[in-house]
Amino acid sequence: MKPKVAFYWCAACGGCEEAVVDLAEGILDVVAAVDIVLWPVALDFKKTDVEAMEDGSIAAAFINGAIRTSEQEEWAHLLRRKAQVVIAVGACAQMGGIPGLANFSNRAGVFQTVYQDSPSTVNAEGVIPETTHKENGFTVTLPRFFDTVKALHQVIDVDYFIPGCPPTPQLLADAVTALLAGKLPEKGAVLAPDQALCMDCPRKDTKPEKLAISEFKRPHEILIDQEKCLLAQGLLCLGPATRSGCGSRCIEGNMCCTGCFGPTSRVRDYGGKALSAIASAADSNDEDQIIRILAKIPDPAGTFYRYSLPVSELQRKRL
Ligand code: SF4
Ligand code: SF4
Ligand code: SF4
């Protein structure tokens, strides 16, 4: 019998599912080697199909996306019960990701923006989603939308993490191969190299030993040198604080790393580490001058905690 595998998405954009599809012909090897029992983006399995399965009968559940609704929480618990191994796929599942930025607000704030204030919204009656609605004698229910977005391991026990927004198809293929060969590492591991991106960046030789940045710039403000370290050019590249394993794909595209692979194992708070790496690159020892240099960085909280707010020391804004 082939091992049963499930893919599921929670609060996600679909990019992690795209990474699975991007396995291209490699997907055929995966399909040949495993029995896919759940994959809502591609196959029409129902929740009742999964509920009917014996507990522990799924070899591995690959879950992407953060947890922000009661439905996603229910699915996470269901798949935890049914699967021997749960793998959090992508920055949203691992750290809360982009949906986790909603923790700078709350349910009421998000609904106010989305259903009332956004320029494209026409909602004169101020209708917002409710968990139950009666119409013509029928009652429909909707999932509850939580105040706080959580990473997957803040809701269920998670065995492994595949980082990235989205992860590379290669990391996914490596994880499936290790699973099939029974060669997964110690529980809790992040399935990517445990070193900073700068270590395998193609521009690392142009990064000075001691950076001295007197002004941070936005990418549209300068003509970016395609060979030189981006941080040395005054651009906000978060490679020094970010785990490697993506193949430096943003750098290859002449764009700064925004930190989607999260921290290495030696870092407790990604945003704090990124801020400290950037602040130490400022060309001054004077606190006021450093503050003036850093003031050029737009939305610092959103920049440094872009993918990791829910798992940070802050977790959320206190409102
Ligand atoms: S990690 Fe990135 S690609 Fe994956 S679901 Fe989240 S936002 Fe989309
Ligand atoms: S700071 Fe960015 S561009 Fe410079 S070496 Fe590190 S990852 Fe590469
Ligand atoms: S360069 Fe940074 S932001 Fe881009 S994919 Fe790699 S880790 Fe993610």
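**View 1. The surroundings of ligand 1.** Ligand 1 is surrounded by 13 residues, with C13, G15, G90, C92 and C165 the closest; a residue counts as near a molecule if its C-beta atom, placed from the backbone, lies within 6 Å of it. This is a predicted model, in which local features need pLDDT of at least 70 and side-chain atom pairs count only at pLDDT 80 or more, while totals for chains, interfaces and linings use all residues. Residues are numbered from 1 along each chain as its sequence is written, and chains are lettered from A and ligands numbered from 1 in the order in which they are written. Helices α1 and α5 (90-95) each supply at least two residues of this shell, and α5 gives the most, with three residues. Helices (H or I, at least four residues) and strands (E, at least two) are DSSP runs, numbered from the N terminus. By class, the shell around ligand 1 has eight nonpolar, five polar and no charged residues. Here Ala, Val, Leu, Ile, Met, Phe, Trp, Tyr, Cys and Pro count as nonpolar, Asp, Glu, Lys and Arg as charged, and the others, Gly among them, as polar.

View 2. Of the 14 residues around ligand 2, the nearest are C198, C201, C229, C237 and G239. By class, this shell has ten nonpolar, one polar and three charged residues.

View 3. Look here for L197, T242, C246, S248, R249, C250, I251, C257, T258, G259, C260 and F261, the residues around ligand 3. Sorted by class, they are seven nonpolar, four polar and one charged.

**View 4. A closer look at C260.** You will find C260, one of the residues around ligand 3, in the loop between α8 (249-252) and α9 (270-279). C260 is buried, with 26 other C-beta atoms within 10 Å; a residue is buried if 20 or more other C-beta atoms lie within 10 Å of its own, exposed if 12 or fewer, and partly exposed in between, with C-beta atoms placed from the backbone. Not counting residues up to four places away in sequence, C260 touches A91, G164, C165 and Y307, where contact means that two C-beta atoms, placed from the backbone, lie within 7 Å. C260 and G164 are 96 residues apart in sequence, yet their C-alpha atoms are 5.1 Å apart.

View 5. Helix α4 (residues 70-82) has 13 residues and reaches 18 Å from its first C-alpha to its last, close to the 18 Å expected at 1.5 Å a residue; the expected span is 1.5 Å times one less than the number of residues. Its buried residues are Q72, W75, A76, L78, L79 and K82. They cover an arc of only 165 degrees around the axis, so they lie on the same side of α4; the arc is that of the directions from the helix axis to the C-beta atoms. On the other side of α4, E74 and H77 are exposed. The cover over the buried residues includes β1 (4-9), α3 (47-51), β3, β4 (67-69) and β5.

View 6. The buried residues of α7 are L171, L172, A175, V176 and L179. Because they cover an arc of only 135 degrees around the axis, they sit on the same side of α7. They pack against α1 (15-21), α2 (26-33), β3 (58-64), β5 (83-89) and β9 (160-162). After α7 comes G182, whose phi is positive, near 65 degrees.
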